[in-house]
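Here are a few exercises to work through with the structure open beside you. Try each task before you read its solution.

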Amino acid sequence: MDRLFEEMPSNPMEHDRYIPETFREIGKRGVRRIDGYRKASGQAVYTRDIQLPGMLYARFLTSPYPNAKIRSMNTGKAEALYGVRAVLRYDDPEIRGKKITSTQGSEEEVLSEYAYFQGQPLGAVVVADTEDIAAQALGLIEVDWEERPFVLDQVEALETGAALARPQWSSAPKGTIMEDWAPPSELSNQMPVSFGFGPVLHFGDIDKGFGEAEVVVEFTARRHYHGCPDAEMLSGITRWEGECVELWLHHQHPYEHKWTMHEWFGIPMNHIKIHSPYNGAMFGGWNWMDYSMIPQYVSALMAKRTGRPVKWIFSRRDDFTFGQMDVMTSDYRVGARRDGTITAVRIKSIYANCSFEGASHILENTRIPNIYSETMLAQVNKGPTMAIRCEQSPPCFCLSQVFNHVAAELGMDPADVALINDGAEGKNMEELAEFKRSHGFPDRDSLRECVEAGKKSIGWDRKWHAPGARKLPNGRMHGMGFIWSQEWDDTRGAGSAGLMIQADGTVNIIALRSDIGLNAETAYCQIVAEELGMRAEDVFFRQQDDVYLPLMTPDGSCNLTTNGYVMKKIAKLAKQKLLELATTPSHLIERDIPAAFPGLKPADLDVKDSFVYVRADPSNRKSVKDVVKDLKGSVILPREYAAIQNTSHEPVYVWAWHRQGRFGLEPGRHRLCRQAHFCEIEVDTETGEIEITRVVNANDVGKAISPEAVEGQQYGGTYMGIGRNHSEEYVWDGPTGVILNGNLLDYKFATIHEVGSVDTIIIETGLGYGPYGSIGVGEDVGTITSYLLHSAVYNAIGKWVDDAPITPDKVLKALGKA
Amino acid sequence: MSEKVSKKTVRVNKPTHDLARYSCPYCLDTFDSFEAIKSHIIDKHKAEPLPEPEGTIHLTINGQKYRFQVEPDWTLHYLIHDRLGFTGTKLMCDRGACGSCTVIMNGRPILSCMTLAIECNGKQIETVEGIAASGHPLVEAYVKHHCMQCGYCTPGFVVTAKALLDRNLNPTEQEIREALGGNLCRCGTYPQHPKAILEAAQTLREAK
């Protein structure tokens with residue numbers, strides 16, 4: 001057992017050393033998706049689909065104003081409406097002044113009396129027989145609001161005399177968490193930066209860097225507010241059964257609700273059961289909001305009070321309460337030499353509501369020696385922002401802006417500028433090669449491979465041209481775009497899972513996780529099948545129910561790599577147990593049963609295609625089913641085979657835990673995998689509209705466990721990424737602070753027509769930290785392809801549109817037509 | 001002396017009390033038998049003798065007959081998803097922009113969230129469950145080509161694609177894209193759908 005674990009990688013800096021020479025199931029195409037039929041036939045069940053007997057529906061009151069306080073509230077008419085079973089008010093004795101913990105580390109009010117964005121849930125929750133009655137009752141709640149001045153722009157929010165986005169903080173009682181945000185002596189919208197390296201990142205010597213520059217470019221780029229309501233409207237169910245509680249969760253962190261329910265209601269965790277049904281699109285977002293666990297608290301409280309299960313629900317408009325954490329205004333000053341090497345990058349950014357370090361990719365995957373990044377964060381009266389596929393958006397935005405402008409200034413191919421500056425933390429590619437050698441990684445140049453494959457696919461050398469130089473026969477301007485960065489996944493987290501071989505020889509992976517559709521569960525089956533020696537179709541994973549072991553649950557791209565190691569472990573442990581069973585006789589009280597392979601030791605056997613076989617003579621084999629079958633028989637009559645499990649031998653059941661690194665990078669752990677993306681567009685200079693005719697994605701995923709899953713992320717990421725810089729933007733009305741497009745007609749997801757064709761190239765250098773040298777891809781394409789359009793538009797019209805999203809009005813303005 | 005005319009005697013449960021007699025709801029005339037009042041209503045008032053409660057609709061869903069009593073503000077989606085329990089048909093945008101609620105009604109793909117149930121009396125409806133149960137090759141093609149990720153929009157696509165193939169067994173890729181233009185997929189599975197639909201179309205053509 002010890003030797004087994006010695007073989008498993010636990011050092012996050014090292015490459016996986018235990019990679020088979022050839023693969024049978026891993027990397028294989030055509031492995032049937034285990035969720036495919038359920039989803040295509042309409043049988044897959046989502047939280048929104050679930051109705052329990054006697055279930056009530058809970059809806060939240062939302063604020064009509066961007067910055068307001070409830071002076072008083074009259075809920076009498078709402079309570080009197082037929083079908084309303086309860087109304088929870090902000091001043092209810094059980095919740096007033098109460099702070100409840102979320103697993104994000106914050107303390108939240110259940111129902112606030114302060115609103116700091118229009119549409120914020122607060123004040124009251126109505127619980128009624130139907131959704132319609134609840135909605136009607138909300139309209140009957142009478143509120144005396146104190147409206148306050150508000151601020152919507154982060155730059156404006158930091159100016160003297162700006163309206164206070166959260167004025168209640170100025171009178172925060174001492175000793176509360178709010179005191180950290182607004183020092184009592186100042187009244188300001190400024191907050192400490194949220195993530196990253198702190199308010200200032202200084203790498204190298206920025207002044208020296210500018211001293212060495214032969215050209216300097218300066219520009220400003222803004223990224224406006226956008227988001228991603230889930231396809232399935234948010235909801236969750238709580239049901240009490242005596243002192244036990246049962247939850248149905250549309251949430252990416254279902255297991256954490258066991259802890260929170262225990263904390264909130266004092267129930268022991270062993271009395272809590274959770275379900276994680278299929279989820280209709282989740283990309284982080286809501287799940288990272290501190291408030292995201294509070295509605296479940298409300299439904300649990302109201303289920304207790306009413307004695308019936310309660311489903312809290314958000315309407316489509318309610319869902320438009322949060323956005324991506326890349327709302328920023330950033331000023332750039334970049335120095336470079338004429339040969340393409342960038343010597344200095346200076347960025348000053350002001351973010352709204354949540355920040356990330358915009359220079360992190362410039363630091364992590366280039367050899368740029370001098371970087372100075374200042375980050376400021378301001379609270380504004382818009383919904384909270386956090387990672388929506390994903391937090392790396394600011395770094396991708398900033399890196400692409402820097403490289404686009406340098407390449408344009410020097411008249412160079414942007415892919416060449418990328419290759420010239422590739423590296424990590426100031427190290428060049430030679431130094432990185434040394435790192436790869438000393439840590440067991442293959443000696444491959446990831447970016448070069450991505451660029452070469454991508455250029456070939458799109459015909460770059462033939463098609464790329466000087467900016468504004470090519471007008472098409474249809475009158476539009478043709479443009480080619482390029483973007484690159486690291487392939488990230490953080491390879492972090494912890495997970496556990498069990499494995500059991502059933503009496504018929506089929507295998508269950510046993511764990512809870514939330515599904516967001518990446519085909520990860522099939523990939524896990526492939527890993528288990530590979531390492532255990534089963535056919536992939538004999539391994540199954542049903543993850544919707546609480547089996548007390550939680551896998552790393554979708555957040556970021558870290559999951560497959562962390563969970564993949566758990567799969568390796570359980571498969572190896574299971575194989576060991578299976579071969580022991582195959583070579584060990586059973587001594588039962590009234591019967592002796594010989595081993596399946598008598599006289600042999602486990603080391604004499606192996607498993608392949610769901611058969612246990614003798615290494616020295618592979619034709620001597622028995623199916624796994626025959627090895628594990630129960631031989632005890634029924635109680636009364638002895639039978640060769642019975643359906644009773646585990647009477648002649650102990651169950652073949654194993655479990656494992658794996659922990660892999662921490663968020664971000666351990667010092668000195670360099671990101672080695674790269675991605676490169678290309679596009680072809682046409683710009684209509686009369687209307688400002690952009691047609692994206694072709695996108696090519698080249699992603700170095702290290703090793704693709706499920707190629708179709710990788711491609712799915714490349715396709716899906718392209719549509720989401722392009723859409724988020726093309727047609728998606730939350731629009732607020734300036735004078736009232738009201739969101740004008742809080743619905744899916746006016747907030748425009750990409751349709752099938754958004755992109756002409758998408759090519760997917762999977763590069764496998766093995767340079768990832770995950771099992772088999774893998775790294776994630778789920779977040780990457782969806783985040784980075786957003787910014788593919790900036791270089792393409794410049795190439796098309798010879799003018800910069802640095803602000804995102806690139807809407808027609810911005811194109812026309814750049815052309816001097818608006 | 002009159003001729004004796006034989007009379008056929010019909011034994012009826014003759015009401016013994018005025019209140020027990022059958023009273024016409026239209027003209028208040030009373031009758032001795034249920035059959036008599038029914039005939040009267042049909043002949044005299046040209047009306048249905050056993051009117052159904054207000055809001056009653058008859059539907060055929062996936063080949064099965066149903067009778068519901070619906071509120072005027074119920075959408076067809078609410079009826080199918082919440083009352084009948086065919087949860088495959090999804091609600092995403094709730095205003096006709098996403099196609100996730102698509103069902104086929106009398107041969108046409110329609111948006112069930114924008115259709116009132118009370119207007120659907122007498123209609124034939126196919127949902128994704130019926131399409132799958134009938135073994136339509138689209139479903140297997142969708143699985144094979146990974147046309148789903150989260151799966152929430154997938155039923156809407158399957159139904160829309162089925163409606164396309166019902167009228168055109170040889171669609172071009174452009175025709176497929178046009179047909180699917182009203183279906184939103186946040187996960188971005190779009191490029192996979194034409195492949196699956198073309199394959200299903202071929203399977204159907206070969207089966208003919």
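This is a predicted model: local features need pLDDT of at least 70, side-chain atom pairs count only at pLDDT 80 or more; totals for chains, interfaces and linings use all residues.

**Exercise 1. Which strand pairs with β22 of chain A, in which sense, and over how many bridges?**

Solution. Start at β22 (residues 493-501) of chain A: its partner is β30(A), the sense is antiparallel, and there are nine bridges. Helices (H or I, at least four residues) and strands (E, at least two) are DSSP runs, numbered from the N terminus, and two strands pair if DSSP finds at least two bridges between them.

Residues are numbered from 1 along each chain as its sequence is written, chains are lettered from A and ligands numbered from 1 in the order in which they are written, and side-chain values use heavy atoms, with hydrogens and water left out.

**Exercise 2. What is the strand order of the open sheet in chain A, and which strands stand at its edges?**

Solution. Step one: read off the order, β24-β23-β22-β30 (chain A), four strands with mixed pairing. Step two: look for strands with a single partner; these are β24 (539-541) and β30 (652-660) of chain A, so each has one side left without a neighbour in the sheet.

Helix α16 (residues 520-532) of chain A touches β22, β23 (507-510) and β24 of chain A, and its direction makes about 145° with that of β24(A). Helix α17 (residues 559-583) of chain A touches β22, β23 and β30 of chain A, at about 150° to the direction of β30(A). Touching, or contact, means heavy atoms within 4.5 Å. For the angles, axes are lines fitted to C-alpha atoms, for helices over the stretch in contact, and the values run from 0 to 180 degrees between N-to-C directions.

**Exercise 3. At what angle do α8 and α9 of chain A pack, and which residues make the contact?**

Solution. Begin with the geometry: α8 (residues 256-265) and α9 (residues 294-306) of chain A pack at about 50°, with axes 11 Å apart. The two helices are therefore oblique to each other (under 35 degrees is roughly parallel, over 145 roughly antiparallel, 65 to 115 roughly perpendicular, and the rest oblique).

Next, list the residues. From α8(A) come A:His257, A:Met261, A:Trp264 and A:Phe265, and from α9(A) come A:Gln296, A:Tyr297, A:Ala300 and A:Leu301. The spacing has a simple background: an α-helix has 3.6 residues a turn, so residues three or four places apart point the same way.

**Exercise 4. How many residues of α12 in chain A are buried, and what covers them?**

Solution. Six of the eight residues of helix α12 (residues 414-421) of chain A are buried, so the helix is largely enclosed by the rest of the structure. Buried means under 20% relative accessible area, exposed over 50%, and partly exposed in between (1.4 Å probe, protein chains only). The buried ones are A:Pro414, A:Ala415, A:Val417, A:Ala418, A:Leu419 and A:Asn421. Their cover includes β18 (342-352), α11 (393-410), α14 (446-458), α15 (460-463) and β21 (477-486) of chain A.

**Exercise 5. Where is A:Val695, and how far is its C-alpha atom from that of A:Thr760?**

Solution. A:Val695 sits in strand β32 (residues 690-700) of chain A and counts as buried, at 0% relative accessibility. The C-alpha atoms of A:Val695 and A:Thr760 are separated by 8.6 Å, though the residues are 65 apart along the chain. Beyond its neighbours within four places in sequence, A:Val695 is in contact with residues including A:Phe678, A:Ile722 and A:Leu788.
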